Amino acid sequence: MKRLIGVLVLVLFAAALGFGQAKAVVNEWQVPFLNCLTGPIAAIGEFLEWGAEYAAKEINASGGIAGKPVKVVPIDTALDPQKGSVEMARIVKDSLVAMGPVPEPVIMAAMPIAVEAGMMSMTATTSLEYAQKFFPWTVSFLPPTEQRLATIVTAWAKEFPDIKQAVQFVVPYGPWPGMAAAHVKALQELNIQVLGQVDVPDDAVTFGPLVVKALEEKPDGIILVTHGEQAAKIIKELKNRGWKKMNHILVFSSADDAQLYSTGGADLNGVQVYNYINLDISNPRWDAFKAAFAKDHNGMAPFSLAPNYYDALYMIKEAIEKTGVTGDPSKLAEERKKIADYCANVQNFHGLLFNWDMKDGIPTNKPNYIFEIQDGKKKLVKEVR
Amino acid sequence: MPLPLYYYLSITAVNILMSWALYLPYRVAHLHFITIANMAISGYAAGYLVMSLHVPFGWALATGFILGGLIGYVVSRFIGDAPTFAVVIVGFTFIFITRTVIQNLPAVGGTMGMFGLPNIGGNPESHRVIILAILYAMVVVVGWLIHRFDHSRLGRAASAVFVDPDLAASLGINRKKLGMLVQTASCTIAGGSGVLYGFIYKSFHLDFFTFALVGIFMTVIFVGGYATLWGTVVIAPILYGVPLLLPSEIQEWRVVIYGALLILVLVLKPEGFITPRFVRSIETFLSGKRRKRNISLKEVT
Amino acid sequence: MQGFVAQVINGLSLGSIYVLLVTGFNLLLLVAMIIHFSYPQVVVFSMYITWIVLQLTGNNLVLGIAAGIASSIALNLLSAPLFQKVMMKRGEVDINSTMVLSMGIGMIITDVLSHTFNKGLPIAFPDQLAGNTPLLRVGLISVLTGQIWSLAVGIVAVSAVFLILYKTRPGRAFRAIAEDPNGARLVGIPLLRTGLASYALSGILGGIIAVLLAMVLGSASPGLGEQVAHKVLAVSIIAGLGNLAGGLVVGLILGILEAIVQGYISGTWSDAIAFVIMLVVILVKPRGLFGSKV
């Protein structure tokens, strides 16, 4: 009896984990999306998911991909590498292509599985430094850090020639220290003295000590390489201690999220932030996207990364249609490679906000923008290429 | 072997081993969270040895065990007989220190992590077979050793210390030595598990070793049963596997379900699902059946 | 010098947060013999309730604060039977069971906050509640109303709790039930009513702490409770479990220590260094610097 129960349990698990027969040809493109739908960044995961689902709706409304509808299959990894790895292991068996994972710890655990299986999984929200470890089975949506950030910070500093000395607040997370180093290099090339780096603990609750440390150096400019919520609190603390030149504070792109605005409120007015998404661009697709996002999110403007998986799904669509991928399971390996090769070197891809090229998985001509925050909205200051 | 099954089995094995690494010190009422730091230290050390110094995996794994054991031994010299709270603080301290040191060490990848650990055995298939083999060999060996410990004088001494440390001391039990033994053993297990954990993913990232793991392993021990090693064996696969089978609408609330399960078990079955009495009844049942079978065979012959 | 003074003030502000939380933590320990590891999460939950009521009532402070206190009392009373059930041993603190139970409660609270309130995003309190008005600003030195309130109330709370528990009849009754319920019943103390009152008292304090934290921090996030839980436990252990005055002193010292380390060494090392120092202390004095009261 015990043996029977044991066998039943094993069969149940094995079946659930994909031990079954290969699926027959289906009449729908299923694109699994490994995302963080629960846990500390669930809100951001929801925005990314929304972008992908919206793209799917649009694509299906205009005839689907090569005549077949597309379905985004959300898979929650809950920021848990243990879960992420098993879920990726499940999908590599039959899936043509996937999106995600999000964020970096799950990428580290799950992407090696996709690489080994020879399946592209588009990590559209991580830095090049992470993505390139898994080339050619993913692409980067972000250009090389040093080159991109040097251009942005230079443009910012040139707007304010009175910045002679600067301090950076940096959280030691993933590629952020590397980004901070790129900022420093750019500032030094402008003969701006970088007075020091204030390390921000990940679990800091108050920021008075760190802000005092920074202000003791008497900087003229401040760059924040922290989480959005922390950036907002640091800015409030700076204001409390008499910092007046709000546009001499530059917040980096990864902090440009809903947490920055929900925590910072009106205290952010005048602060500058850089990103590669400009919400004020107008084109029919983007306008429709913004309106739909606002409708589903109580009037909120789209989160800056929301278009990424929208674009990722469209890139997959283009890859399938242009390379003649059929979805035939017997050609899985070959068609996976076709999609990966196409995406790595796509030319003049029509993204939601702008067109760009890929060369060997790296975007080559994406614009960057510097904004000034006013009343919770970003006003474009400069486009930087 | 299907890939999902490999990941499920290998991660379950790590969860079992790490839960046992917490179970052992808990036999003397110590919540020894330093094991999480051990996982990270040994894992990163082994990763560095393999990636940068091209040391064979076997030696790197052995180093992981030894390093874990050494750290456990040195620390236990100070906290072998310390109150539970001191042991908890030691654990937290080591987790914070370990994370901070690793963040600031470019040699092991710093905040980015360590990528591209090589396949053991030269190809992915051999890698998986070897990892699983080592993991389940560890499960068997460690399980056997813990079983022997539990059924030995040392195990009974540990039970006495758990119930009443002062009485145990007055009965002549050397609490410090016993504490040192279980803590060193637990850290050794954790060290080896940390190495294997990273080699399952073929990468290391600091967020693989967070306080969240404490929650997972504590849930396994307390829901499974903290008074016997079998609870971990039964509950670890279920706690990891069942959420994978749930529909996504329910999976969303996974953590709430874990928390509620933990509370329910503590309130209704404080010793956990698998209690020593339950284990004894199974053992009696099995030996009873065996005795009946032997008797009937004897009658026939 | 100015910088150093500013850091000390920062440290006192941070320390006052620890003092408030440790006081609530110690109160539960003294009246119910439970180690509520996730007490900070309960407080954060009350902060969220306060925020929701403020949103719904157009920033009506009285209603918001009342809602925060009421939610804290409710959570305490709801969890009371659970804790009482797992207390296997009387006469001594069963740290392991109650700590694990409270971890379960904390997991639920954090996940519910991540899922439901404000889509899991941090919440910001309105200016009327956030104590951002500067009382003193000299160069780098800044003292805000919220900081003064939290420090002052922290000291008052410790004194009030001490007085209630050690100098009043109800307080003695609370402690009697916690230490020996059978003995308490024998001398005529009504167990149920008194027990509930003790949890309610702890709930009131929790609600007040939630409001003060809203003033000091100005915002909250689902993970806020977890971020401070380890330190609250550590402060209580270093000071001596249940030692109210010790918790006050150690909480403030830890706050100042963290501020000094962040200001003069490195922010990322502040946790590690703070814990190492606490570790050394506890190895030398396992029952805490000021002695345990349980």
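Chain A has 13 helices and 15 strands; helices (H or I, at least four residues) and strands (E, at least two) are DSSP runs, numbered from the N terminus. Its radius of gyration is 22 Å, close to the 21 Å that the globule rule gives for 385 residues, so chain A is as compact as a globular protein of that length. The radius is taken over C-alpha atoms, and the rule is 2.2 Å times the number of residues to the power 0.38.

Some conventions before I go on. This is a predicted model, in which local features need pLDDT of at least 70 and side-chain atom pairs count only at pLDDT 80 or more, while totals for chains, interfaces and linings use all residues. Residues are numbered from 1 along each chain as its sequence is written, and chains are lettered from A and ligands numbered from 1 in the order in which they are written.

Staying with chain A, its C-alpha atoms fill a box of roughly 70 × 55 × 40 Å along the principal axes. Of its 385 residues, 57% count as buried. Buried means that 20 or more other C-beta atoms lie within 10 Å of the residue's own, exposed means 12 or fewer, and partly exposed is in between, with C-beta atoms placed from the backbone. Among contacts in chain A between residues at least 6 apart in sequence, 69% join residues at least 24 apart. Two residues are in contact if their C-beta atoms, again placed from the backbone, lie within 7 Å.

Chain A is divided into domain 1 (16-142 + 297-353) and domain 2 (145-275 + 368-384), with bounds that come from an automatic or database domain assignment. The C-alpha centres of these two domains of chain A lie 32 Å apart. Their contact takes 10 residues from domain 1 of chain A and 9 residues from domain 2 of chain A. On the domain 1 side, α2 (42-61) and α5 (128-131) of chain A each supply at least two residues, and α5(A) gives the most, with 3 residues. By class, that side has 6 nonpolar, 2 polar and 2 charged residues. For the classes, Ala, Val, Leu, Ile, Met, Phe, Trp, Tyr, Cys and Pro count as nonpolar, Asp, Glu, Lys and Arg as charged, and the others, Gly among them, as polar.

Next, chain B. Here domain 1 covers 1-209 and domain 2 covers 210-301. Their centres, taken over C-alpha atoms, are separated by 22 Å. In this chain, 20 residues of domain 1 of chain B are in contact with 17 residues of domain 2 of chain B. Which helix gives the largest share of the domain 1 side? That share, 11 residues, comes from α1(B). The domain 1 side of chain B has 13 nonpolar, 5 polar and 2 charged residues.

Helix α8 of chain B, residues 175-201, has 27 residues and reaches 39 Å from its first C-alpha to its last, close to the 39 Å expected at 1.5 Å a residue. The expected span is 1.5 Å times one less than the number of residues. Of those 27 residues, 24 are buried, so α8(B) is largely enclosed by the rest of the structure. After α8(B) comes Lys202(B), whose phi is positive, near 60°.

Between chains A and B, 34 residues of chain A are in contact with 29 residues of chain B. On the chain A side, α4(A) makes the largest share, 7 residues. That side divides into 22 nonpolar, 5 polar and 7 charged residues.

Chain C has 11 helices and 4 strands. Its radius of gyration is 19 Å, which agrees with the value near 19 Å for a compact globule of 294 residues. Of these 294 residues, 61% count as buried. The contact between chains C and A takes 38 residues from chain C and 32 residues from chain A. The largest share of the chain C side, 7 residues, comes from α1(C). By class, this side has 14 nonpolar, 21 polar and 3 charged residues.

Last, the largest nonpolar core. It has 349 residues, and those touching the most other members include Ile339(A), Ile89(B) and Leu21(C). Such a core is a set of buried Ala, Val, Leu, Ile, Met, Phe, Trp, Tyr and Cys residues joined through C-beta atoms within 7 Å. The most comes from α1(C), with 17 residues. Leaving aside neighbours within four places in sequence, Ile339(A) is in contact with residues including Leu96(A), Met120(A) and Ile316(A).
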